[in-house]
Structure formats: structure tokens, C-alpha cells
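Please look over the model below before you read my notes. The points are numbered so that you can check each one against the structure.

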Amino acid sequence: MRTWTTILLIFAVAAGTITGAETLKTPTGCVAADNAKPGPEGYADRVIHQKTGIELILISSGTFVMGTDDRQAASNVAPAHEVTISQPFYMGKTEVSNGQYRRFMEAQPDYDGEADVDPAYDLYLLHFKDKSVMSSEDEYPVVWVGWHNAMAFCAWAGLKLPSEAQWEYACRAGTTTAYSFGDDEENLHDYAWADLAAEHLTHPVATKLPNRWGLHDMHGNVWEWCADDYIYRYETAPSDGSVRRDPTAQTKPLRGGSWSTGPGVNRKTPAWFYSTAMGSVARFHVAPGNAWQDRGFRVILPLKGTTP
Amino acid sequence: MRNTITALLIICCVTAAPPALAVEADGATLANDEVAYHWAPAQQGGGLIGIEDRGQPAGLLAPTTPAAAWWQVKLKDGRTIANTDLPCQVDSQAETLTFTWTGDIRVTVVARLGADERLLKARIRVDTVTEGAGLRDVVFPVIDGIRPLAENAADDRVLFAFRTGFTRPSPLVTGEPLKMKYCIEYNMQLAALLGGGRGLYFGDHDPTAAWKDFSWTPDADTQTLSYAVSHPVLDWGGPEPVTHYESPGDCVLGPFQGDWYDAARIYRRWAVTAPWCAKGPMVQRDDYPKWFLNIDYWAMGHMGDYLEQQREFIKRDLFDFPITVTHDYGHFNGWTIHDAGPEYFPPKPGSVNYQKVVSELRDRGARVLPYVMGWMWNGASEDFRLRGAKEKGAMLGEDGESVLWAELEPSEENIAMCPASKIWRDKLTDVTVEFIQHYRTGGIYFDYFSTHMADCFNPTHGHALGGGDYWARGVHDLFQQVWDGARKADPEAMLCAEDLAEFCIDVLDAAYVGITADAPVWQAVYHDYTQVFGGMHWMEQGQIPLSRQWLYGRISQIPGTLGFPDAKPETMEWYRDLLRCTHEFARPYLGYGEMLRPPEISGDIPMLTMEAADGPFKAPAVEGTAWRTPDGSVGIFFINYEDQARQFTWKTDLGEIAGLDAAKRLQITEWTADNGAKPLKQTEGGIVGDTVEIPPHGMIALKFERIP
């Protein structure tokens, strides 16, 4: 984490377009990461978002099949349908960490995060107040944040939450299997902090293997808020991957599972359950104010034309 | 021996009252005009060797050895001592025989037979004599050599008090022992062998509801059964040896005429005197929620997932019946039903939304009943960890160290909690009060609560370690605390739990019973003391399950809150008629009436194979039930399960089943879907009946009231 700070100081001066002999395009407010390569349209495939310190991975446009018709899966992930992500976007390499969220808090001391969680309960950043056993150290994912907290962070940072389609597209990383690493649940713990292997705790981000596109913790560690309203099933889902809205919806979707879901020590639960709970298609939803011990978020930065 | 008994009986007949007592060299006897019980000579252990029903040609026992069994005591050091191992002395006094055995332990059994009773009552007391010896289990009674009752042994059945009750083939037929653990799955303390129109009753009428294992064991060589009840003694796992045990209630056994219903009535006569029935029948209780007494049906919902459906439900006034329960599985803030418990706040749709929809439903007469995990706490939850719940309240296994993990999908994080621990009682009380007070839910549905038993060996909880009534008392007192909190928050709040637990009837308003099979013992014993629900049915299963649900007095329970949207209109109309009948007419009987002997039905009625949770069973295509309310009126109901009309004759003796004898003038009222309740005719009491035709899937609903 401290290393990144040093790097950021250097790149902040350069305003973001040169690495070595090669010129790389970067979005406003970002600099190319030191190992960046050219991506689509000449954009750096990895950039550092200067305001937050978040490393972003460039996700190319493409078409994929979202959801599944597998009858063993939850009914809310059907029907399988084709989605085309027409514009590349950057996505956080990791879930937003405590350290990155602290930057927001320091920059916006008047922001009343308490107002954005459920009014009846004390839920906001409990791990920063010694009211949670989750770690408040910088490299751990931020938890105890509601959907509006995540949106406030994004608004300050000039970032966005992904649509569900963007999230699933990035998670799959070109795969069509239950998980981004394949179908074999045996490999889950190589890629995810899940269930008992996670000791019922969050873990530092990016300490498991990434998916094929370099994204860490797409399965496990913390559930990730998406920008959409939660709409049961996909019959009315758009084919362009845009954010879905329903003015009557009272919950927001979360994706990817967390440390609290996954195979346990006794392994009595059928494999399909876990792919339903934390696989690429898995969807969960709660009210936007329901911050919790295993809920966090990941950001995106659209290159252009997207409107989350 | 036989001559002695005969002589004694002659004396009895002359004097006409007290039972005959005899302590002879060849054994002891208790006898009266109806029955006789014989024990082996004292030098052969004094075991029970004979049960005679005077009206039957053969005795009910055929002991294979004179050294017959009667009791066994298992010591903590692994030794087992039986009545045949120790010298015995028998004394007689009034209506009792007192057997005393002395050795490393001292055992006393007192057996009583009333002059006009058919059932023997016995109690055992055990004391250790050798210093340091500790008791583990007292097995009493142990009865060997039980003969088949039916002419064809394959027709014998044993009564099984699991869920609402059913019968199973005799273990002599299956060749497999049958074990029943009270109160985990076995929910009443009775057993019976049934066959040939008679039965052999075994009851453990224990008002402490201590846990016990009932067992039937077949002996293929002698073609007899053994019956035994094992009682793990209270605190057997404690640091000090248990040196004393005595029966908390009567062991009751003996022959009777009839079937499962008669066995149930024997048990009922005692059960309604048990502490859990002290508040009286529901309808007479001031503390029983009146709205719930008049419930029309029970709908399973997932409000957190389908709030829009709830709104639709409100708009549609489902079935036009105002008093409903919406059983909500969807409020969970966590990922699944089981691994979120009981950390439910804020509810999944948010506190404001949940509060709003619950209130809207309540204002329309539908009360929301949230599901609450009642036995396990998610060990990964913040509250569990921050409060040190593992140390303060987790159940520990026999080794005193290992935490009991629930083998419950999808998570292995669920930790079984001790019902006697303060932290768990407070946790469930807090959750209950919050739901009721803050969200105005109608009450709470507790899962995995009353009968999912395991002894806790955590010495820091302050309870006995193992055996006895630790679990029943712990659960009851936990419920009592929750009950007190709930009623303080809302005097009309209701509580219910899975599964049936007779010892909690006074602190629960409804009992989960599952699907009714061939011998609904629970209804016959307790139907007027607690409402029964559960055993949800889908219309795709056909009309039989819904019909039986109604006929046997269970709250009609359906999946979802929109009824059966895919059902044919005529099928829905049929179902509405069932509910209408309950709402307008049958509620005092099918809802909270005392179950009476079902009417006899004859005619060309085929037997159907039906499905229950415990396997298929057979029932006639037309069935009837009878019920009595506190006002003395009797309701009789019939259902035709098939899609063709049937003519049948029914008969019942209202004098015998309800005291409405031939000297009493009765008004008969019939309810029909077309006309509602209309006076039908007047008649005399006593034996009543009729030959009638019942339409396809039809119902007949009759009320018999005494004319003053």
C-alpha cells in the first residue's frame, strides 16, 4: 500500500500518458501503472486512479452469455441471455479497501455516511469503531458500507459502480463455466476467500489468484454492490449491459459471494449450491441501506458512453 | 399358578371390589375381574411373566424363561445389572405389590392395580449402595415375550407417536427393532401394539417430560416382541456420581379393546392433567390470541424477495378470508434461511420497507410471522463473536469441549445453542421482541427449537449434565421467557415452533405436525389444547392432501401468498368451499374442538394409497371425523377424496363419544356451500347415522346440538 503511494506521487506529476518509450492513453485522473501495456484504442491496460489509489484493469468490449438456464441454479439468474458490452471500461483490480475508503473520509469530512444506511440500526463502518471483528487495516476490503455509501464514494472519486452485466462480464473473463476459473470447486480456495477457509473474516485484497483478466476476489472475500436496482430474473434485461432500473424496487444487487459463503469443512453441501451462492452468475440482494460485515464494493471507470 | 389365580378371582368376584393380591412361592399376582398380572417367583428375579385379559383366551405374554425381565440398570462404569441378578423380596399392601432387590444397587418397584382398572401402574426407585457407583440409565419396564395380537401376526401394527402419529408394521413382521427417542422425534410418551381389534398399551406418564428411549425388539425364534423404555438419569454426565433415581410418573401398561384412537384416549386422560395442559383448552384461555384461534389459513411467503407479491396479496384480499398468517421466509438479511440465524436486522428489504408492508398486511387482517432459527446461532456472525456466545451458550458434547455443529445445509457455521443458557434465551427474546414491537409481526415461527434435542455438557451453564428433564425444562423455560417478552410487546402475539413438543403446549400457540397419516394420535390427545399446522400442500399434489388437512383439523396451509394461481377454476372453488366451511361453521370443531372417535363408515368404499412424510399408507376413499366443543355440541365431517360420487352409511354413538345419549333431543344443522348453515332436522341422541351420497370431492358438514 505504501509503495503505491510513492508511485502515485511520481505519476501525478506526469498526468498519465507515458510509460517508458511507449505512449499510453489513460483516462483523466489516472496514470498508467508501471507494468501497463497498450490495450484497446491505445489505452493502458492498467492504470492507477490517482484520487483513490485504486488500480484499474481495462476490460475490453465483447459479447457474453449472462445468467444461466441451469435448473439447479437459483431462479433469479435465468434466463441465460446474450449481452454485448460495446464499450471498454476500467474495473478495479480489487475490491475497494479500507485504506482507499479512508481517503474519501478524509477528503469529505462532512459526509454523513450514517444517513445512508438503515435508519433503525447502527451499521456504518462498524469495523472502524471497534464494533466488528472485521479488520480495519488498510489492505482489507471495506465493509459495513451500504449502497449509498458506495455511490457517495464513487461520486467523490469520479468513478462508478458496475452494472450487473459489467460485473458478470468482467467476472467471467471470457469463461462460460460456473466460476471464472472453471467448474471445479476444488480450485475455489486458490481464487477465493470463502467460508471456513476464510475463518469467517475478510482478508487482504489480492491475496488469491486473479481471474484471466487480472481481477482479484471476484469470488469471495466480500459481496460487491452493483449499480442496478434489483430486478428478479432477466426476462426484461437489456442486451447492452446497461444498468437496470425499476422505480418500485426496494433492494440492490450484490455479486460474487463472500467469506461467509462457500464449501465448509464437512463438504456436505452439493457443489451446485456454492456456484449458485458465489459463482459467476450468483446474485444476492438486500435493501441499499443494509450495510453488513461481508458487503463491500468494486468500482469501474467507463471510457465513454456508459451511463451507470 | 393358574389355580391360585382362579381361586383369587373367585374371592374377588364375591367381594367385588379390591383387586386380588397374592404373593406365593410361585410368584406374585395382581388381578381383578378384567385383568391379571403375574410376576415370576422372587428367587427368579420377580420379572413380569403374565398379562391376562379375562375376555381373551390366551395370555398376552409368553415368557421364554422363568427368569423374566422387568428392569435393567446401567451404571456409569459400564456394568449392567438386571432384576434377575439380585435377590428379590415381594411385599403386598392394599392394591400394591412392592418388589425390592438389594445388591450393589437397591431397586424398588411399586406396582398398583385399581379394582376397576385394566391398566397396571408401576414406578421404580433405584439407589446405589456401593460407594462411588453412579447411575447412567434406568431401563424400566423391560417386558419380554409379548405375543402377537392379531390372528395373523402380520396384521399387527405398532403405534408410533411421531408427527401426528401413524402405525407401522410390527417389528416381528419387519424383523427390525424399532426405536423411538422422546422427545427428539417421538413427541408423546406412549406406545401400543395393535391387532385384532385390541391393543396392549404402554405409557410413560411422566410430567417432567424427561427424555427416554422407547424400543420394540423382535425375537424371531419365539415370535414375540420385547418392549423397553430407557431413562438416562439426570446429571449422569456430571462430576459427581448419580446415586438415586425414581420414576417421575407412572409407567402404565395393560390390555385394551379398540384401536389407535383408544390408545390415544388412555394417554389423553393423563396428558390433560400434565403441567403443560394446566392452562386448559385453548378456547378457555384468556392468554390465547383470539385472532389466531379464528385463523382461516396460513400462507407461506417470502416477503423480502417478493414484496410486490405481498402488495398484490393485499390488493386481492386472498380468498376473501380476513384472518390469515403470512409465514415469512424472506426477511433474512443474510444469504440463506439457515445460516443467517438469528441475525435478521435490518430485514432484507430494509427496516422501513419491512415495517410498512407488515403493517399494511396487519391492517388487512393478515399477520406476518417471521421465521427465526431457534436452536442455532451462526458462529460467524458479529454478535456471536463479539458477545463470546461460544463460551457462554454453545452446547458442548460429552467430552465437555467440542462444539455441536449442526449438520445443516448450506452452512456448517451453525452452532447449536443451549436452551438453558442466559445468552441464548436473551438473544431469542431480543429478536422476538424486536420483530413484534418494531415491525408489528403477529408473532414468531421458531425453527429447530423444541424437539431437536441434544444434551449439553457445558459445566458453566449451571444445568445438569445429561439425561433427565434438562432439555425439556430448558426449552420450556426458554420459551417461557420468550413468551413473556412477546406478550409484553403485544398481548396478542403468537408463538409457534417446529416440531411437536407436548411439554411446551402452555408456552406455544401452535404446533407443527406435518402431514396427517393413518393414526392422528396428536389430534386425538391435544387438538383442543393447541392448534396444529404444517404439512403444506400444493395443488399439483391433488386434492387429497388438502382434504385430509382440513378433515383432520389442521390449519390449512398453502405455498405462496397468492393461493394456487395455476389451479383450475373449479378446483379453486372447491378449495374456497373448504375454507368457507371452516370460516362459517367448522372452526369450533376442526380448529379447536376435542377429537372424538371417528364415525364408522360402511359401504362400497375402496381403500386408497396416500402419501405422508413417513411413507405411504392406506385410507378409505371416504373418511369422517368427529369433534366436540366446550358447549357440548358435536361436529361430524366427511370427505370424499375421489372424483366419483359414493354412497355410504355412517354411524356413531353420540352417547358414548359425547354424552349425548338417547334421552337427549338434538338439533342437526348442516352446512353446504350453496346454503351455508341450515337446520336439517331434530333427532334423539345416542346412536345416530345415515346412508348418504357424497358427490365427487364432496364434503358433508353436520352439527349436533342439544335442544334445551
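1. Start with the cysteines. The sulfur of B:Cys496 is 12 Å from the closest cysteine sulfur, in B:Cys504, and that is too far for a bond. A disulfide is a pair of cysteine sulfur atoms within 2.5 Å. Over all chains, the structure holds 0 disulfides. B:Cys496 is buried, at 0% relative accessible area. B:Cys581 is buried as well, at 0% relative accessibility. Buried means under 20% relative accessible area, exposed means over 50%, and partly exposed lies in between (1.4 Å probe, protein chains only).

2. A word on the basis. This is a predicted model: local features need pLDDT of at least 70, side-chain atom pairs count only at pLDDT 80 or more, and totals for chains, interfaces and linings use all residues. Residues are numbered from 1 along each chain as its sequence is written, chains are lettered from A and ligands numbered from 1 in the order in which they are written, and side-chain values use heavy atoms, with hydrogens and water left out.

3. Now the sheet in chain A. In what order do the 4 strands of the open sheet run? The order is S11-S10-S9-S12 in chain A, and the pairing is mixed. Strands S11 (283-286) and S12 (295-297) of chain A stand at the edges, each with a single partner strand, so one side of each has no neighbour in the sheet. From one strand to the next, the twist averages 45°. Strands (E, at least two residues) and helices (H or I, at least four) are DSSP runs, numbered from the N terminus. Two strands pair if DSSP finds at least two bridges between them.

4. Take the pairs in turn. S10(A) and S11(A) are antiparallel, with 4 bridges. Here A:Lys252 has A:Val286 in S11(A) as its bridge partner. S9(A) and S10(A) also run antiparallel, joined by 2 bridges. Strand S9 (residues 223-225) of chain A pairs with S12(A) in the parallel sense, over 3 bridges. Follow A:Glu224: A:Arg255 stands opposite in S10(A), and A:Gly296 is the bridge partner in S12(A).

5. Look at the side chains of strand S10 (residues 252-255) of chain A. In a regular strand the side chains alternate between the two faces of the sheet. In S10(A), A:Lys252 and A:Leu254 point one way. A:Pro253 and A:Arg255 point the other way, and all are buried.

6. Next, a helix pair in chain A. Two packed helices are described by the angle between their axes and the distance between the axes. Helix H2 (residues 98-107) and helix H3 (residues 147-157) of chain A pack at about 75°, with axes 10 Å apart. That makes H2(A) roughly perpendicular to H3(A). Axes are lines fitted to C-alpha atoms, for helices over the stretch in contact, and angles run from 0 to 180 degrees between N-to-C directions. Angles under 35 degrees count as roughly parallel, over 145 as roughly antiparallel, 65 to 115 as roughly perpendicular and the rest as oblique.

7. Which residues of H2(A) and H3(A) meet? From H2(A) come A:Gln100, A:Tyr101, A:Arg103, A:Phe104 and A:Ala107. From H3(A) come A:Asn149, A:Ala152, A:Phe153 and A:Trp156. Contact means heavy atoms within 4.5 Å.

8. Chain B has a helix pair to check too. Helix H6 (residues 351-363) and helix H9 (residues 422-439) of chain B pack at about 70°, with axes 10 Å apart. H6(B) is thus roughly perpendicular to H9(B). H6(B) brings B:Ser351, B:Tyr354, B:Gln355 and B:Val358 to the contact, and H9(B) brings B:Phe435, B:His438 and B:Tyr439.

9. Strand S20 (residues 250-257) of chain B is largely enclosed by the rest of the structure, because 7 of its 8 residues are buried. Strand S16 (residues 198-205) of chain B runs antiparallel to S20(B), with 8 bridges. B:Gly199 stands opposite B:Phe256 there. Strand S10 (residues 120-128) of chain B is antiparallel to S20(B) too, with 3 bridges. In that pairing, B:Leu120 stands opposite B:Leu253.

10. Last, a loop residue. B:Gly514 lies between strand S28 (510-512) and helix H11 (521-526) of chain B. B:Gly514 is buried, at 4% relative accessibility. Leaving aside neighbours within four places in sequence, B:Gly514 is in contact with B:Phe533, B:Gly534, B:Gly535 and B:Arg554.
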